[in-house]
Every structure is written in C-alpha cells, then in structure tokens.
Amino acid sequence: MAQRVTYRRRNPYNTRSNKIKVVKTPGGKLVAQHVKKAASRVKCGDCGSALAGVSTMRPRQFATVSRTHKSVSRAYGGSRCANCVKERVVRAFLIEEQKIVKRVLKEQEDKEKKAATKKTGKK
C-alpha cells in the first residue's frame, strides 16, 4: 500500500487554494508540497486578448515588481492592446473630422440663407 500524505497547513479541505503535489524526499519519504495557483495573462479591457509585454503573475505580486513589468510605453499601455488603442485614436479623429464637416456645412447653409434673404429683401 502507498504511503499516505497529509496537508502541511491548517486548511484540511481540497480547495482551489489548497492544492498539493506529492514529492519524494531524498530520504525516500513522500511529502506534500503546496502548489500556488497558476497566474493568468493580463487581458485587454476592450477585446479580451492577452496583452503582450506584461508579465504573467498573481495580483499580489504586481505590487512588488517594477513598472516595466506591468505596462508598455504607450497610451493605455498595460490596459488596452495596440489594436484597440489604434481603433480609439482613429475613432476620435473621425469624430473630430465629422464635427468640422458639420460646422462647415452649417456655415455654408447660413451664407446661402443670408444671400437668399438679401435677394428677397431687394425685390
């Protein structure tokens, strides 16, 4: 019969945070090693794809590492992916262009109205 292994911490239940790996020591004894939870990649807030250039680690470890591990040197770096930032920039540019076009069209309409009122006023 195989040797039994017990938890080394106070939590006696097989929960997600209490996983163990059975390891054989040099003395031939089986011992439980507690395994940390696997870290997930940081995701883009818009599209949900994994962010390149940002380290993969558990949330608490982000507090101990330098800024270069947590973000990228770009607007929205470490929060949004490059494609989503590009889309935002293009969208903002097109919205501003649309505002300018509307303003120009309105000015032209006003000029035409003024010209029309001047012609009708002279008759």
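Reply:
**From the loop into the helix**

Y76 is partly exposed, with a relative accessible area of 44% (buried means under 20%, exposed over 50%, partly exposed in between; 1.4 Å probe, protein chains only). Please keep in mind that this is a predicted model, in which local features need pLDDT of at least 70 and side-chain atom pairs pLDDT 80 or more, while totals for chains, interfaces and linings use all residues. Residues are numbered from 1 along each chain as its sequence is written, and side-chain values use heavy atoms, without hydrogens or water.

Y76 sits in the loop between β2 and α1 (helices are DSSP runs of H or I, at least four residues, and strands of E, at least two, numbered from the N terminus). Its backbone deserves a glance: Y76 is not a glycine, yet its phi is positive, at about 65°. Most residues other than glycine have a negative phi.

Now to the charges in this loop. R80 and D46 form a salt bridge, 3.1 Å from N to O (a side-chain nitrogen of Lys or Arg within 4 Å of a carboxyl oxygen of Asp or Glu). R80 and D46 both belong to the loop between β2 (30-34) and α1 (82-122), so their contact ties together parts that are 34 residues apart in sequence. D46 itself is partly exposed, at 41% relative accessible area. A salt bridge also links D46 to R88, with the closest N and O atoms 3.2 Å apart. Here R88 belongs to helix α1 and D46 to the loop between β2 and α1, so this pair connects parts that are 42 residues apart in sequence. R88 is partly exposed, with 25% relative accessible area.

K99 and E96 both lie in helix α1, 3 residues apart, which is about one turn of the helix. K99 is partly exposed at 45% relative accessible area, and E96 is partly exposed at 44%. Through shared partners, D46, R80 and R88 are joined by salt bridges into one network. The count of salt bridges comes to 3.

A search of the whole structure finds 0 disulfides (a pair of cysteine sulfur atoms within 2.5 Å). For C81, the closest cysteine sulfur is that of C84, 3.4 Å away, which is too far for a bond. C81 is buried, at 11% relative accessibility, and C84 is buried too, with a relative accessible area of 7%.

Finally, the surface. V90, F93 and L94 form a nonpolar patch there, and their accessible area together is about 300 Å² (patch residues have over 30% relative accessible area and no salt bridge, with nonpolar side chains, Val, Leu, Ile, Met, Phe, Trp or Tyr, joined within 5 Å and like charges within 9 Å; areas are Shrake-Rupley values with a 1.4 Å probe). Of these residues, L94 has its place in helix α1. E107, E109, D110 and E112 gather in a surface patch of negative charge (Asp and Glu count as negative, placed at CG of Asp or CD of Glu). Within this group, E109 lies in helix α1 and is partly exposed, with a relative accessible area of 46%.
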